[in-house]
Amino acid sequence: MMRKPAHQTFLGAPFRAAADLAAAGAADTPRFAYLGLPLYVRYGHESGAPDTGLSTADAVRVASAAQGGIEHHYDFDLDGPLIPAGVSAEFFDCGDVALAGTPEALAADLAAGTAAVRDLVTAGAVPLVVAGDHSAPPVVVRGLPDDRPLDILHIDAHLDFRDEVAGLRDGYSSPIRRLRELPHVRTIVQVGLRDVGSAREDEVRAARAAGNILIRAEEVHEGGVVLLHDLAARFDPAHRVYITLDVDGLDPSTAPGTLWPAPGGLWYWQAAALIRAVASRGDLAGMDVCEFAPGHDPHGHTALAVTRLLMLAAGASLRRAG
Ligand SMILES: [Mn+2]
């Protein structure tokens, strides 16, 4: 079940329900499908109510309006138009996955998210998912093809490598652990780590022992562009690549709209350079954005940064060499 966007679509792209897109079959041209996945897994100890107002996917749609209809104009962040000259590509907005959102329906909600992503993949589209909390990445990745190795770029203040919290294994503290368990997942680079979160020393040890590459935010600021290029080089060009962006991985000056702000995160250019480099190296399988809180984003700066980073991932993947 899909919900049609209540406001404008992402970049003004045509609305096409995921199942309808899948039924029409794959096209020869690259496709990108924007999808809202308002998934929130509550442990029960969260302080305060979930963010209210516009859904995260709708807030990004609204912010993207100024970027829509000009995709053939020169985008200086991509050094050319979003869709490069001589390349044909299609963008769709597939609406939001309709979820029950209750603890009893959690398994059904997880399955519905994966099924929607699978529909997009059937249609030959790369999903660009704006989700709720950071429980979404395994839900999305389970819907992607697994016939080739998958490398993962994870931008986040937090490690997200808990095996479980409060008995729940599918919550926002565990997505990278769940991804690590998938046999086709290879390199995982976790960037922007800082501050204190759900990780204890055990989880940090476990992530390193599993081969994850952990990069603290401070290292990004100190290492600059050289470090970012070294990180991108860790991604195998023969693999698919998936990007998961926890908005709190960005610095609050770039992205204030999150429930877990932490000083010292990635600035826009650091995230942009890394996402561009990674999306033009491996074969981009998809991207998600999580932990965006529109109620904490009064001027829409976070929604605009999210819009731009999704555009850069798509634009960079259209420029992939070879
Ligand atoms: Mn996270």
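**Entry 1: helices α8 and α9**

I began with helix α8 (residues 268-279) and α9, which pack at an angle of about 25° with their axes 8 Å apart. α8 is therefore roughly parallel to α9. The model is a predicted one, in which local features need pLDDT of at least 70, side-chain atom pairs count only at pLDDT 80 or more, and totals for chains, interfaces and linings use all residues. Residues are numbered from 1 along each chain as its sequence is written.

I noted the terms as I went. Helices (H or I, at least four residues) and strands (E, at least two) are DSSP runs, numbered from the N terminus. Axes are lines fitted to C-alpha atoms, for helices over the stretch in contact, and angles run from 0 to 180 degrees between N-to-C directions. Angles under 35 degrees count as roughly parallel, over 145 as roughly antiparallel, 65 to 115 as roughly perpendicular and the rest as oblique.

I then listed the contact, where two residues count if their C-beta atoms, placed from the backbone, lie within 7 Å. From α8 come Tyr268, Ala271, Ala272, Ile275, Arg276 and Ala279, and from α9 come Ala305, Leu309, Leu312, Ala313, Ala316 and Ser317. By class, ten residues of this contact are nonpolar, one is polar and one is charged. Ala, Val, Leu, Ile, Met, Phe, Trp, Tyr, Cys and Pro count as nonpolar, Asp, Glu, Lys and Arg as charged, and the others, Gly among them, as polar.

**Entry 2: Ala313**

I looked up Ala313, which is found in helix α9 (residues 301-317). Is Ala313 buried or exposed? Ala313 is buried, because 27 other C-beta atoms lie within 10 Å. The cut-offs are 20 or more other C-beta atoms within 10 Å for buried, 12 or fewer for exposed, and partly exposed in between, with C-beta atoms placed from the backbone.

Not counting residues up to four places away in sequence, Ala313 touches Ile243, Ile275, Ala279, Leu284 and Met287. I checked Ala279 separately: Ala313 and Ala279 are 34 residues apart in sequence, and their C-alpha atoms are 5.6 Å apart in space.

**Entry 3: helices α7 and α8**

I turned to helix α7 (residues 217-232), whose axis comes within 9 Å of that of α8 and crosses at roughly 10°. α7 is therefore roughly parallel to α8. On the α7 side the contact uses Val220, Val225, Leu228, His229, Leu231 and Ala232, and on the α8 side Gln270, Ala273, Leu274, Ala277 and Val278. I sorted the residues of this contact into nine nonpolar, two polar and no charged.

**Entry 4: the sheet**

I traced nine strands in an open sheet, in the order β1-β3-β2-β4-β9-β8-β5-β6-β7, with mixed pairing. β1 (2-3) and β7 (213-216) stand at the edges with a single partner strand each, so one side of each is left without a neighbour in the sheet. α9 packs on the sheet, touching β2, β4, β8 (240-246) and β9, and its direction makes about 175° with that of β9.

For pairs, I used the rule that DSSP finds at least two bridges between the strands. β2 and β3 run parallel and are joined by five bridges, with Phe92 in β3 as the bridge partner of Ala33. β2 also pairs with β4 in the parallel sense, over seven bridges, and there Leu35 has Val129 as its bridge partner. β4 is joined to strand β9 (residues 283-290) by three bridges, again running parallel, and Leu128 stands opposite Met287. β5 and β6 make a parallel pair over five bridges, with His154 opposite Gln190 in β6.

**Entry 5: enclosed elements**

How many of the residues of β2 are buried? Seven of the seven are, so β2 is largely enclosed by the rest of the structure. Arg31, Ala33, Leu35 and Leu37 lie on one side, Phe32, Tyr34 and Gly36 on the other. In a regular strand the side chains alternate between the two faces of the sheet.

I found eight of the nine residues of α2 buried, so α2 is also largely enclosed. The cover over its buried residues includes β2 (31-37), β3, β4 (125-131) and α9.

**Entry 6: two aspartates**

I noted a positive phi near 55° for Asp79, a residue other than glycine. Asp79 is placed in the loop between α2 (56-64) and β3 (90-97), and counts as exposed because it has 11 C-beta neighbours inside 10 Å.

Asp160 also has a positive phi, of about 55°, and is found in the loop between β5 (150-155) and α5 (175-180). Asp160 is buried, with 29 other C-beta atoms within 10 Å.
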